[in-house]
Amino acid sequence: MENEKDNLMEKITSLAKRRGFIFQGSEIYGGLAGTYDYGPLGVALRNNIKNSWWKKFVDNREDMYGVDASILMNSNVWKATGHIDNFSDPMVECKKCKKRFRTDQIESLSECVECKGELGEEKKFNMMFATQIGAVEDSSSTVYLRPETAQGMFVNFKNVMDSIHPKLPFGLAQIGKAFRNEITPRDFIFRQREFEQMEIEFFLHPNDWEKYFTYWRAEMLEWMESIGLDMNSVYELEVEGADLAHYSSRTIDFEFEFPFGRKELYGLAYRTDFDLQTHAKNSTVDLSYFDDDTKERLIPHVIEPSFGVDRTVLALLVSAYKEEIKGEEARPYLAFSPSIAPVVCAVSPLLKNKPELRDYAHKVYRMLKDEFGRVMWDDNGNIGKRYRRQDEIGTPWCIVIDFDTLGEENPEHKDTVTIRDRDTGTQERIKKDDIIDYIKEKMN
Ligand code: GAP
């Protein structure tokens with residue numbers, strides 16, 4: 001079983017590289033630990049994830065507002081939130097090989113797992129990346145790459161209030177990069193030093209927090225299901241005691257059964273009024289809200305649904321990876337839902353070097369590209385190879401233009417194409433003018 005799971009990770013990692021989803025960061029220079037680069041299909045998959053998230057949680061709602069804050073923020077933000085003093089992992093360093101380990105991730109503190117050398121004292125290791133701003137390097141010019149997108153929303157709370165005048169409850173949403181100097185980045189894109197988050201800070205009256213905690217829990221689950229995550233692999237963990245972050249009085253971690261173990265996918269936290277109170281105190285700016293109806297002045301409380309883009313990509317790859325065994329051969333394919341698949345459909349001429357097939361196929365390709373955008377032209381290799389390649393990248397439909405389309409072999413079939421289904425491998429012949437409706441119907 002363990003072997004099977006290792007194997008699955010290997011298959012996914014190798015497919016991701018081979019087919020242009022995910023590459024090691026700076027690969028030609030030997031890589032940079034904890035960083036990954038997304039290739040053409042990976043970018044498409046990420047964009048589909050982010051668009052689906054934004055559509056559901058921002059565009060389709062009447063109480064959500066987007067922000068896009070800077071990655072570099074005034075250091076006082078991180079002083080106020082406690083990140084400068086406390087955003088650290090416990091770490092030990094091997095005196096011999098100098099490798100560092102998170103103490104909560106190793107079994108023994110007596111010897112190094114790599115070289116059996118002696119381990120040093122446990123130290124706190126701050127996970128924020130520091131850099132210098134401006135020309136003069138001193139401590140006052142130190143700034144940090146944000147370790148979460150959340151604070152960009154708290155520090156803009158007043159700006160949004162003053163410009164848009166929303167009424168409680170309402171939310172701010174942001175998608176953006178976050179950076180953490182993880183001591184042991186690992187498990188492919190699961191734990192990286194640079195990653196992307198999709199976060200919501202939902203501001204509300206403190207009396208309503210339980211109602212909205214339940215509401216957001218359901219909303220998160222609904223979205224997970226809508227993008228095609230394997231819901232049998234999603235678990236909820238009520239975070240308790242010392243594991244609860246200092247700002248939270250209730251947190252649920254949504255965990256996913258990855259091949260390397262059950263690990264955090266997303267989090268849902270009730271952050272109380274911790275952040276707005278802290279920023280109000282430290283910035284001396286009034287961050288209270290005045291309710292015109294009840295004449296009450298209060299600091300709103302916050303429910304925070306927090307999602308990682310990269311962990312979504314990985315959980316989707318794990319959920320979608322399938323193999324159909326045919327005799328001695330395995331046909332691997334990614335059973336992405338059509339709304340999330342990097343390519344909706346691929347269009348091919350049966351033979352590459354027949355101009356009449358190519359011209360017709362290219363017209364069909366343009367028609368579908370104008371409609372769906374994510375459409376691929378594929379005339380490389382024979383049809384079998386093209387199907388195999390499209391299966392591996394999770395393209396739901398392959399459309400082939402053949403001699404029947406031209407009406408050369410069977411006049412009844414003039415202006416029809418074959419459309420092949422990725423999951424079943426079956427083909428249908430449909431009219432060229434019906435392709436768009438056919439796909440739209442299946443997508444819905
Ligand atoms: N604002 C709250 C917050 O940042 P978190 O649990 O530390 O909470 C939220 O992070 C989400 O960000 C995680 O559930 C995960 O999806 C993603 N995430 C966190 N650290 C990550 C890392 N090193 N690599 C990839 N994704 C990460």
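Five strands make up an open sheet, and their order is S21-S20-S22-S23-S24. The pairing in this sheet is mixed. Strand S21 (375-377) and strand S24 (427-431) are the edge strands. Each of these two pairs on one side only. From one strand to the next, the twist averages 25°. Keep in mind that this is a predicted model.

Look at one end of this sheet. Strand S23 (residues 416-421) pairs with S24 in the antiparallel sense, over five bridges. Pick out Arg-420, and you find Gln-427 of S24 opposite.

Move on to another sheet. This open sheet has seven strands, in the order S3-S10-S11-S17-S14-S13-S12. Its pairing is mixed. Which strands stand at the edges? They are strand S3 (64-66) and strand S12 (234-239). Each has a single partner strand, so one side of each is left without a neighbour in the sheet. Neighbouring strands here are turned by 25° against each other on average, direction ignored.

Go to the pair S11 and S17. These strands run in the antiparallel sense and share six bridges. Two helices come next. Helix H6 (residues 157-164) lies across S3, strand S10 (170-179) and S11. H6 runs at about 140° to S10. Helix H9 (residues 309-320) packs on the sheet too, touching S11, strand S13 (250-258), S14 and S17. The direction of H9 makes about 40° with that of S13.

Now turn to the ligand. How many residues surround the ligand? There are 20, and the closest are Glu-148, Arg-180, Glu-199, Glu-264 and Leu-265. By class, the shell holds six nonpolar, five polar and nine charged residues.

A polar side-chain atom of Glu-199 lies 2.6 Å from a nitrogen atom of the ligand. Gln-197 also uses its side chain: an N or O atom there is 3.1 Å from an oxygen atom of the ligand. With Gln-192, the backbone is involved, and one of its N or O atoms lies 2.8 Å from a ligand nitrogen atom. How much of the ligand does the protein bury? Taken alone, the ligand exposes 550 Å², and the protein buries 91% of that.

Which elements give two or more residues to the shell? They are strand S11 (194-204), strand S14 (261-272) and strand S17 (301-308). S14 gives the most, with five residues.

Finish with the backbone. Most residues other than glycine have a negative phi, and most peptide bonds are trans. Two places here are worth checking against that. A cis peptide bond joins Leu-168 and Pro-169, with omega at about -5°. Pro-169 sits in the loop between H6 and S10. Lys-98 is not a glycine, yet it has a positive phi of about 70°. Look for Lys-98 in the loop between strand S5 (88-93) and strand S6 (100-102).

How values were computed: Residues numbered from 1 in each chain as written. Predicted model: local features only at pLDDT ≥ 70, side-chain atom pairs only at ≥ 80, totals over all residues. Heavy atoms only, no water. Near = heavy atom within 4 Å. Polar contact = N/O pair within 3.5 Å; in protein donor to acceptor, adjacent residues only side chain to side chain. Areas by Shrake-Rupley, 256 points an atom, 1.4 Å probe, with all protein chains shown as cover. Helix = DSSP H or I, 4+ residues; strand = E, 2+ residues; numbered from the N terminus. Nonpolar A, V, L, I, M, F, W, Y, C, P; charged D, E, K, R; others polar. Pairing = 2+ DSSP bridges. Axes fitted to C-alpha atoms, helices over the stretch in contact; angles between N-to-C directions. Contact = heavy atoms within 4.5 Å.
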